[in-house]
Amino acid sequence: MTEPSTEARANSWAGPGTECQTDGVIKRVTDATDQAWAALGGDPALTAGITYDGPAGTLTAALPVREMARATVAVCALAAAELRTACDGGGRLPTVRVDDGAVATAFTSERHLRLDGRAASVFAPLSRFWRSADGWVRTHANYPHHRARLLAALAVPDASDAESRVAAALAELPSERVEEEIYAAGGLAVAVRTPREWAAHPQGAAAARRPLPSVERIADGPVRALSGIEALRVLDLTRVIAGPVAGRTLALLGADVLRVDAPQLPESQDAYTDTGFGKRSTTLDLARTADRATFEALLADADVVLTGYRPGALDRYGLSPEALAERRPGLVTGQLSAWGAYGPWGGRRGFDSLVQAACGIAVTEAGPDGRPGALPAQALDHGTGYLLAAAVLRAVTEQRTAGGSHVARLALAQTAAWLTGGTVTRDGGGDSSAYAAGEWLSERDSPLGRLRYALPPVAFDGGPRDWARPPGRWGTDAPRWS
């Protein structure tokens, strides 16, 4: 790959808040990085220590996706460097290095994954845009139970011609009726809205009023005498991309991350393979007495719990942040959802593609033919994942002096509001042909076979460059700490 010159990079990055140097590396503070770091409660002076490099033309879109993605990785790496320095007794923070090529490759990691040469399965045939009677709708049916509910809501048999029958059924219905009827049946669909329509929607308005991440102290807890990030024990109760990216990032930094899933819920091995680096994976049915006892024993020694189910879904198991903090004082809980735990959609399931469709991104990214478009990556998922990891690391840093039980609440819709709200400053264009992912890919053997995968974008001087272990088979590890 031919690298653009330092001068070309500097010109492509000219914009508000930019500082350039001529050492072969661009150094600057971006508006988006400052915004995200401030939302996390970090010392504003620290962002000046971030250096940026990499090819032009990554994650090109109508919206400033590159700038948003870069900022989420930057604050995650800065939070890791800050905590590492605190655990080492203080001193100067190591330099955080953000490479646009590494960021773009990581944000599309599921597309680059290969197992013995085979590409991962990403979207199922019934997960796409469809014409409705008055516009467009977007459905999500990657999991078998979501496919079954979608077909049942439309009275379409699960047969070889299901796709054409779904198209015919949806073409006769208004978009918002599709949205409500499929949701009522337990399926997943949203009307494609313009940015103006989403801003007027109660859920869109509620998301726009919320901070990017909300990090708060919810109870007392002991001051944490942590010897290093490697001492963190993390229960990862998340699925699909955003939450697992956060867990994958904490595992990169050395944390002991154990993913816990319900055995009755199906999971794609390909999805786990992409986000399972550095982790172990087990299954526990919390409705069973023995499994619940095992979970409580794990919780007793946990430092962090990540949850990624729809708001309220885990409360019946005593897994709300408040209930967890009561049983494990000093716990940090990271709570992730699609729409946020508020507003009329506060209890709804959702995925990145659906949030993009509902909040106006699909219209903003539409092609010349007017068909709804999409971001060049599932950037709401990946970006929110890095923000969640950053929020956890910042909370752990705060605990070293102030103690307390903390909760970080994030939602894909809030990340979307940040991306679309006009406060993320675009720093210049770039030719997408200038970027090729090969430099930021690696290969290794694993229990699954030979893996090609995206390298982690979170980097700082003295920090890890790759995960200590490859992913294994989903749900096959023992439910215990390493």
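Hi everyone. Let me start with a term: a cavity here is a set of grid points where a 1.4 Å probe fits but cannot get out. Please keep in mind that we are looking at a predicted model.

So, how many cavities of 30 Å³ or more does that rule give? The count comes to four. The largest cavity holds about 90 Å³ of space. Which residues line this largest cavity? You can find them on the structure above: Glu 179, Tyr 183, Gly 187, Leu 188, Ala 189, Val 190, Trp 339, Trp 345, Arg 348, Arg 349 and Leu 354. Helix H8 (175-184) and strand S8 (189-191) are the elements that each give two or more residues to that lining.

Now let's turn to a pair of helices. In general, two packed helices are described by the angle between their axes and the distance between the axes. Our pair is helix H3, residues 65-87, and helix H18, residues 412-420. They pack at an angle of about 125°, and their axes lie 10 Å apart. The crossing of H3 past H18 is right-handed.

Who makes the contact? From H3 come Val 65, Met 68, Ala 71 and Thr 72, and from H18 come Thr 415, Trp 418 and Leu 419. Sorted by type, the residues of this contact are five nonpolar and two polar, with no charged ones.

Conventions:
Residues are numbered from 1 along each chain as its sequence is written. This is a predicted model: local features need pLDDT of at least 70, side-chain atom pairs count only at pLDDT 80 or more; totals for chains, interfaces and linings use all residues. Side-chain values use heavy atoms; hydrogens and water are left out. Axes are lines fitted to C-alpha atoms, for helices over the stretch in contact, and angles run from 0 to 180 degrees between N-to-C directions. Helices (H or I, at least four residues) and strands (E, at least two) are DSSP runs, numbered from the N terminus. A crossing is left-handed if the near helix is turned anticlockwise from the far one by less than a right angle, and right-handed if clockwise. Contact means heavy atoms within 4.5 Å. Ala, Val, Leu, Ile, Met, Phe, Trp, Tyr, Cys and Pro count as nonpolar, Asp, Glu, Lys and Arg as charged, and the others, Gly among them, as polar. On a 1 Å grid over the protein atoms alone, a cavity is a set of points where a 1.4 Å probe fits but cannot get out, and a pocket is an open set with protein on both sides within 12 Å along at least five of seven lines; lining residues have an atom within 4 Å of a point. Grid points are joined across faces, edges and corners, and a volume is the space filled by probe spheres set on the points.
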